[in-house]
Amino acid sequence: MSLNARLEPVLYLFAGLFGVAGVALAALAAHGGGEANLAASASAMCLAHAPALLALALGNTRLRTAWLAGLLMIAGTLLFAGDLVTLRFSGSGLFPYAAPTGGWAMMLGWLAIAAGAIFRART
């Protein structure tokens with residue numbers, strides 16, 4: 001069984017969790033007061049990456065780099081959104097540079113998708 005196939009359930013899981021989190025964070029940004037911009041930014045990243053993870057799960061047989069892209073996007077979104085949410089509620093982030101590290105991981109995930117065009121899966 002390929003690494004892509006083994007990670008398929010994980011991609012579905014995080015697609016769903018990020019979708020739920022994105023909607024909840026959007027509601028918090030709209031109704032929660034305080035530093036709404038933090039929740040709004042976290043929501044945007046969750047909602048941007050939820051369908052990307054779903055697409056990676058659905059297309060894992062055609063994209064050799066789906067596992068790498070998915071793991072980078074999951075880690076990046078958790079770091080980025082997690083840092084902003086932690087900052088919103090506790091006043092301090094996860095650790096220094098957690099959000100930028102997450103941002104870089106998400107960007108590398110998108111580049112891993114682009115690399116999949118070069119390193120094509122055999123069909």
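Which helix gives the most to the nonpolar patch? Keep that in mind while you set up the view.

This is a predicted model, where local features need pLDDT of at least 70, side-chain atom pairs count only at pLDDT 80 or more, and totals for chains, interfaces and linings use all residues. Residues are numbered from 1 along each chain as its sequence is written, and side-chain values use heavy atoms, with hydrogens and water left out.

Start by selecting residues 3-31, which make up helix α1 (helices are DSSP runs of H or I, at least four residues, numbered from the N terminus). From first C-alpha to last, α1 reaches 41 Å, close to the 42 Å expected at 1.5 Å a residue (that is, 1.5 Å times one less than the number of residues). Click on P9 next: α1 bends there by about 35 degrees (the angle between axes fitted to the seven residues ending there and the seven starting there).

Now colour the buried residues of α1, among them L7, L11, F14 and F18 (buried is under 20% relative accessible area, exposed over 50%, partly exposed in between, with a 1.4 Å probe and protein chains only). Show α2 (36-58) and α3 (66-90) too, as both are included in what covers those buried residues. For contrast, pick A24 in α1: this residue is partly exposed, at 45%.

Step past the end of α1 to G33, whose phi is positive, near 65 degrees.

Last stop: select W67, which lies in α3 and is partly exposed at 32%. Back to the opening question: α3 gives the most to the nonpolar patch, with three residues.

How values were computed. Helices (H or I, at least four residues) and strands (E, at least two) are DSSP runs, numbered from the N terminus. Contact means heavy atoms within 4.5 Å.
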